[in-house]
Amino acid sequence: MKRVLIHIILTVLCFSGYAQKDKDYGFRVWEDSLIQLRNQVMAEPDETTRLAMNEDFMSLLEEVLQMPNSFKFAWDSVKNFSVLAAPDNTFKIFTWYIVKKDLSVDNFGFIQVYNEGRKKYVLFPLYDKRSTIDYPKTMVGNHNRWYGAVYYSIIPVKSKDFTYYTLLGWNGNNLFTNQKIIEVLHFNKETVPIFGARIFKNYPERVSRVIFEYSKNAVLHLNYEHQQYAVSTGKINPKTRQPEYHNVNSPMIIFDELIPMEDHLQRIPAYMVPESSMNQGFIEDNGKWVFMKSVRGTNPDKARTTYQYKNRRFYQTK
């Protein structure tokens, strides 16, 4: 019944939207409706009802994305689900999550991409398949084998054969851990999305995506930004007898190093926490991401705070 009502409302909005002088008017109404429906889904206390409402949300979004000119709409008012456009404007990816009764998380989404052969934009639904993937770090598969996440950044990397789109994402995972993910997406000749690629060099593991799993109470920083970092010159200072370094400015994926709360808890993700003073990263090189084990990154684009001296007051007994 709900879906029928949604379809009727959508049809009415369609005709009213196109009757307006503002060509985006109809899409802005739909955007507002989706935002409100998403808020209702997130606030719904009953899991069965929440999942059913999420299906309604997905159906409504699918209907909207199938409308002509929907790809051109900016979706700039959305805050409760993620909408990212590729920098080269070839596709958009929509992702969101649902919290279940046991506090585990399922992720959902759509990829909207132009199919040259069919001369139209096509949709690929995304359903979280984490629980069915035996080797998530090495798996390479299409949209039917999606390792779910809510994405917040897209970084294109060009190789000889493909443009790889590196996606930075968050996954609420379960009661005990969160995850941050460096995913890789490209499209085959039939414009089918493929997730995962062996483009990570010098990383301690052989991976097709990088998954950081850490304590639910911690916050891991994973960003793509301009950084200034030190690189060894290979020379020794004749006076200090210490290695000499020079600074290099470069965009990079930078993240906190994860360490265990206690030495004997190294293999338990729920006890892994980020050490903000210890950074690691990836530098792009000829279509590959080269791992850097130790990075003391400083973002030159961010203003540094000026230290102000303040007189210290010490407690004095009379």
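Throughout this passage, buried means under 20% relative accessible area, exposed means over 50%, and partly exposed lies in between, with a 1.4 Å probe and protein chains only. By that rule R209 is buried, with a relative accessible area of 0%. The structure is a predicted model, in which local features need pLDDT of at least 70 and side-chain atom pairs count only at pLDDT 80 or more, while totals for chains, interfaces and linings use all residues. Residues are numbered from 1 along each chain as its sequence is written, and side-chain values use heavy atoms, with hydrogens and water left out.

Helices and strands are taken as DSSP runs (H or I, at least four residues, for helices; E, at least two, for strands) and are numbered from the N terminus. In α3, the buried set includes M53, F57, M58, L60 and L61, together with R50, N54 and D56.

E44 sits in the loop between α2 and α3. Neighbours within four places in sequence aside, E44 is in contact (heavy atoms within 4.5 Å) with T49, R50 and M53. E44 is buried yet has no salt bridge, and R50, the nearest side chain of opposite charge, is 6.0 Å away. Here Lys and Arg count as positive and Asp and Glu as negative, while His and the chain ends are not counted.

A salt bridge requires a side-chain nitrogen of Lys or Arg within 4 Å of a carboxyl oxygen of Asp or Glu, and the count by this rule comes to 6. One of them pairs D76 with R28, the closest N and O atoms being 3.7 Å apart. This pair links distant parts of the chain, 48 residues apart, with D76 in the loop between α3 and β1 (82-85) and R28 in helix α2. D76 counts as exposed at 54% relative accessibility, and R28 as partly exposed at 36%. Another salt bridge joins K119 and E116 at 2.5 Å, N to O; K119 is exposed at 55%, and E116 is partly exposed at 46%. E183 and R209 form a further salt bridge, with the closest N and O atoms 2.8 Å apart. The two residues are 26 residues apart, E183 in strand β8 and R209 in the loop between β10 and β11 (210-215). E183, with a relative accessible area of 0%, is buried, and R209 is likewise buried at 0%.

Turning to the strands, two of them pair if DSSP finds at least two bridges between them. Strand β6 (residues 150-158) runs antiparallel to β7, joined by 8 bridges, and V150 stands opposite W170 in β7. A hairpin of 4 residues connects β6 to β7. On to strand β8 (residues 177-187), β7 makes 7 bridges, again antiparallel, with G169 opposite I181. The hairpin of β7 and β8 has 5 residues between the strands, and N173 there takes a positive phi near 55°. Strand β7 (residues 163-171) is mostly covered, with 7 of its 9 residues buried.

An open sheet of 5 strands has the order β10-β15-β14-β13-β12 and mixed pairing. Its edge strands, β10 (200-201) and β12 (222-236), each pair on one side only. Strand β13 (residues 243-260) is antiparallel to β12 and joined to it by 12 bridges, S232 having Y245 as its bridge partner in β13.

Finally, N115 lies in strand β3 (residues 105-115) and counts as buried at 10% relative accessibility. A polar atom of the N115 side chain lies 2.8 Å from the backbone nitrogen of R118.

Methods: A polar contact is a pair of N or O atoms within 3.5 Å; within protein, one must be able to donate a hydrogen and the other to accept it, and residues adjacent in sequence count only if both atoms are side-chain atoms.
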